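The sequence and the coordinates come first.

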Amino acid sequence: MFRRFAIPFVVLAALLGATSAHAQSADGTWLTQAGDARVKISKCGGGICGHIVWLREPMDTATGQPATDTKNPNPALARRPMIGLPLFSGMQPSAPNKWSGQIYNADDGSTYASSISVTGADSLRVEGCVGALCGGETWTRAGR
């Protein structure tokens, strides 16, 4: 689902003068770079929240049941459904069109320092770090 953030740090692309409301807001539904999940981002308190609303493979092939957060080290959380799973925590504004906080990686059950930046009307840069290793991916807006 979400790749580990282990590639070298990628410099954020500057906004290219986009003037639409979408270029200034992360609100909406975003398709991950791999195309295997859609994440709904909305305002939450003074920042933003994001949760999974769609999966390419929503069913666990081993059990025939809806996919759950099996990689989570907390047994109680490992049973929660992937659809509806919250991904962001503490995402607060840190610069224009940018939020910083933490992101949950369901691929390994870990939470990482993260930043999210709107880089265009239909693109969102999601980055995370583990110590000095940083990486990220670009998500695209899913429909309008």
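The disulfide between Cys44 and Cys49 is left-handed, because the torsion about its S-S bond is about -40°. The model is a predicted one, and the sulfur atoms of Cys44 and Cys49 are placed 2.0 Å apart in it. The structure holds two disulfides; the other one joins Cys129 to Cys134, with an S to S distance of 2.0 Å. For Cys129 and Cys134 the torsion about the S-S bond is about 110°, so this disulfide is right-handed. With the bonded cysteines of the chain numbered in sequence order, the pairing reads 1-2, 3-4.

| Residue | Relative accessibility | Class |
|---|---|---|
| Cys44 | 32% | partly exposed |
| Cys49 | 25% | partly exposed |
| Cys129 | 24% | partly exposed |
| Cys134 | 10% | buried |

Why does Cys134 count as buried? Its relative accessibility is 10%, and buried means under 20% relative accessible area. Cys129 has 24% relative accessibility and therefore counts as partly exposed.

**Strands and core**

The chain has eight strands and zero helices. From the N terminus on, the order of its elements is β-β-β-β-β-β-β-β. The largest nonpolar core has 24 residues. Ile41, Phe88 and Leu124 are the residues with the most contacts inside this core. Six elements are listed as giving two or more residues to the core: β2 (37-44), β3 (47-55), β4 (88-95), β5 (98-105), β6 (110-120) and β7 (123-130). In soluble globular proteins, nonpolar side chains tend to be buried together.

What does Leu124 touch, not counting residues up to four places away in sequence? The partners of Leu124 are Ala26, Trp30, Ile41, Ile116, Ser117, Val118, Thr119, Glu137, Thr138 and Trp139. Ile41, which is among these partners, is also one of the residues with the most contacts inside the core.

**The aromatic pair**

One aromatic pair is found in a search of the whole structure. The pair consists of Phe88 and Trp139, which are stacked at 6.5 Å centre to centre with 20° between the planes. Phe88 is in strand β4 and Trp139 in strand β8 (residues 133-141), so far as sequence goes 51 residues apart, and the pair thus links distant parts of the chain. Phe88 and Trp139 are both buried. Trp139 is also one of the residues that Leu124 touches.

Thr32 is placed in the loop between β1 (28-31) and β2. At 2% relative accessibility, Thr32 counts as buried. The side chains of Thr32 and Asp36 are joined by a polar contact of 2.9 Å. Thr32 and Ala142 are 110 residues apart along the chain, and their C-alpha atoms are separated by 9.3 Å.

Is Arg38, in contrast, buried or partly exposed? Arg38 is partly exposed, with a relative accessible area of 33%. Arg38 lies in strand β2. With neighbours within four places in sequence left aside, Arg38 is in contact with Thr29, Trp30, Leu31, His51, Ile52, Val53, Trp54 and Ala142. Trp30 is also among the residues that Leu124 touches.

**Whole chain**

How much of the chain counts as buried? Of its 144 residues, 38% do. The accessible surface of the chain comes to about 7500 Å², and carbon and sulfur atoms hold 59% of that area. Among contacts in the chain with a separation of 6 or more, 46% are between residues 24 or more positions apart.

Key. Residues numbered from 1 in each chain as written. Predicted model: local features only at pLDDT ≥ 70, side-chain atom pairs only at ≥ 80, totals over all residues. Heavy atoms only, no water. Helix = DSSP H or I, 4+ residues; strand = E, 2+ residues; numbered from the N terminus. Buried < 20%, exposed > 50% of the residue type's maximum accessible area, 1.4 Å probe, protein only. Contact = heavy atoms within 4.5 Å. Areas by Shrake-Rupley, 256 points an atom, 1.4 Å probe, with all protein chains shown as cover. Core = buried A, V, L, I, M, F, W, Y, C linked by side-chain atoms within 4.5 Å. Disulfide = S-S within 2.5 Å. Polar contact = N/O pair within 3.5 Å; in protein donor to acceptor, adjacent residues only side chain to side chain. Phe/Tyr/Trp six-rings, centres within 6.5 Å; stacked < 30°, edge-to-face > 60°.
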